[in-house]
Amino acid sequence: MTDAATTSRGVVPAALATAAGATPALLGFNYDPVPTGAVYGFGWPVFGIVAALLLDRDRRSRLGWACAALAAIPAAVVVGAVLTLDDPGRWDRVERGWTWLGVGLIVAAFAVVAWGVDIAADRMSRRRLIWLIGWAAALVAAVLLAQNGGGSRAAATVAALGVAGMAGLVFRLATVRELRPVDEPVIDAAVVVVTLLAGAVVGTAVRAVGQRAGVPGPDVSGAFAAVVAAALVLPAALWLRGRFLARRYGRGTLTPADVEQITADLHAEADVRALLGKAAAMIAAASGHRQVDLVLGPDSPEPPPHWRLYPLIVAGDRVGTVFLEPRHPEGPEPWQERVVRQLLPTVALVAKAVSLAVEADHARRDVARQRDAERARILGDLHDGLGPMLVGMSMRVRAEVRRHPTPLLEALAAELADCRGDLRRLVSGLTPSVLDDADLSTALTRLVGTFNGQGPAVTLDNRLAEPLAPPITVAVYRTVAEGLTNALRHAHAAEVTVAVHTTAGGRVRVEVHDDGTGGPIIPGVGLSSLRRRAEQLGGRFTITSSGGIGTALSLDLPTGGAPA
């Protein structure tokens, strides 16, 4: 009941002002033709309708009360003209009053509306003010042109239509939260004007040529040519408009071409963190922002000046942040804001996946680091404990053999010598000692040289363009050594080719190929260890073998190890 009463108290004054402003116009319909003084007042009561709508929403609306006051202007003009002017007829006095006030009344109405709009210092408020100024200026110019070209009657008609249009514009500006930039409607109007102008020019030219050439029906030919020209120009104009809007706002959605471009270089061997840049490119392509950055982590970093920050949330947890640099200093347009918020859930899932992948890479590196530490400890124990013990035992047995040679002691001495050899190979396998004294290229050259003359001919193609991380260096050396050893022992190969080279994508590739018998391969301890090591380092180890073709070992690793 209280709300209804409040609504009534707001609408009733607007209704009374509308009735007062409409009374002169209604009285004018009793005459034929309608007096020009009455025509001047036709548009002002529309402000009363706007006032009722605004006051119904908010009884304290300053703009609503301003519109209510403007709705009563015709009544005030009639009363003032009748009381102050001495023309013989009442409608002549009213017409003279409107003429005397002229465009000043329109300017005053604009000032009242501007006061009621309550302009704030933001982008949307400035656009409202620009629309009001533009409409008022256009209306003033139209009334002056009509006054000079068509007299008072034409000026009255233009003023009535313009004032009614201003009232409608005021209502729209007061109720719409989002306004397009002012230049976009100008572009829309330019598309229409260019299309019509092109049709008119072509149609006029064809008609003139037809008349001069004596072609039957030049008017029809000209009209047909104008329609065809307009139909051809309109798609081009709309295409240019679409290009302009796409450059300003983006496409709003991702096209198949966008997705193909974004995911072009993503594959199983790529750094998973590249997905962050791809996600940022996805947002920039869809929303038209100048630059987009994406960072991982639950913290809320400080964005650069004028940038917008959007948190990425997955299941209530903050997994990252998106930074946007809008083209406008006051931020993105509302339409762009909606596009970005529609993409945020997808980008948040991408950020979560990248975060999990990075954590997994860190875990793999930790495991590899712990395994290397354990290998170093075992190496130290073998080198400092078991090694000297075997040496001492071997020396004592050999001394005893020299004093009291027996078959048992000689066999024991030979077995101890074999154990020492096995121990040296085991220690060398844990950490190739040759890598301590030389780089990988030199170590590989020496390794290949030890196999030449013992069976197959070995060819080395070494194209290492950058230094490798220590774990990668060891993995490459062990792969080449394992491939050569297997070719010598099992493949019965005549030739073995070793290729080691780095790629532009920050990876190193190793190929060991022999021309031996090939056939099924059952991976032993060495091959299985190489495969596990490659996976831990973020790479891949494969073996292919076919009867009569030979065997190929392939290793692909990042030059710096698993991503940090």
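Mentor: Let's start with Phe47. Keep in mind that this is a predicted model.

Trainee: Which residues does Phe47 touch, leaving out those up to four places away in sequence?

Mentor: For a contact we look for heavy atoms within 4.5 Å. Phe47 touches Cys67, Leu70, Ala71 and Val113, and also Val163, Met166, Ala167 and Val170.

Trainee: How many residues are in the largest nonpolar core, and which have the most contacts inside it?

Mentor: The idea is to take buried nonpolar residues and join them through side-chain atoms within 4.5 Å. Here the largest such core has 46 residues, and Trp44, Phe47, Trp98 and Val170 have the most contacts inside it. At least two residues of this core come from each of α1, α2, α3, α4, α5, α6, α7 and α8. Helix α8, which spans 123–175, gives the most, with 16 residues.

Trainee: What about a second core: how many residues does it include?

Mentor: A separate core has 32 residues, among them Ile472, Tyr477, Val496 and Ala534.

Trainee: Now the rings. How many aromatic pairs are there?

Mentor: The count comes to 4 aromatic pairs. Take the rings of Phe29 and Phe42: their centres are 5.5 Å apart and their planes are at 5°, so the pair is stacked. Phe29 sits in the loop between α1 and α2, while Phe42 is in the loop between α2 and α3, 13 residues apart.

Trainee: Is Phe29 buried or exposed?

Mentor: Phe29 counts as exposed because its relative accessibility is 52%, and the cut-off for that word is over 50%.

Trainee: Which residues make a nonpolar surface patch with them?

Mentor: Leu26, Phe29 and Phe42 make a nonpolar surface patch of about 310 Å².

Trainee: What can you say about the rings of Trp44 and Trp98?

Mentor: Their centres are 6.5 Å apart with planes at 20°, so this pair is stacked too. Trp44 lies in the loop between α2 and α3 and Trp98 in helix α6, so the pair ties together parts that are 54 residues apart in sequence. Both Trp44 and Trp98 are buried. Ring pairs also link Tyr40, Trp44, Phe47 and Trp98 into a cluster.

Trainee: Let's zoom out. How many helices and strands does the protein chain have?

Mentor: The secondary structure comes to 18 helices and 8 strands. Of the 564 residues in the protein chain, 38% are buried. The accessible surface is about 30,800 Å², and carbon and sulfur atoms account for 62% of that.

Trainee: How would I read the sequence range of the contacts?

Mentor: Take the contacts between residues at least 6 apart in sequence: 68% of them join residues at least 24 apart.

Conventions
Residues are numbered from 1 along each chain as its sequence is written. This is a predicted model: local features need pLDDT of at least 70, side-chain atom pairs count only at pLDDT 80 or more; totals for chains, interfaces and linings use all residues. Side-chain values use heavy atoms; hydrogens and water are left out. Patches are made of residues with over 30% relative accessible area and no salt bridge: like charges are joined within 9 Å, nonpolar side chains (Val, Leu, Ile, Met, Phe, Trp, Tyr) within 5 Å. Accessible areas come from the Shrake-Rupley method with a 1.4 Å probe; for residues, only the protein chains shown count as cover. A salt bridge is a side-chain nitrogen of Lys or Arg within 4 Å of a carboxyl oxygen of Asp or Glu. Buried means under 20% relative accessible area, exposed over 50%, partly exposed in between (1.4 Å probe, protein chains only). Helices (H or I, at least four residues) and strands (E, at least two) are DSSP runs, numbered from the N terminus. Rings of Phe, Tyr and Trp (its six-membered ring) pair if their centres lie within 6.5 Å; planes under 30 degrees apart count as stacked, over 60 as edge-to-face and the rest as tilted.
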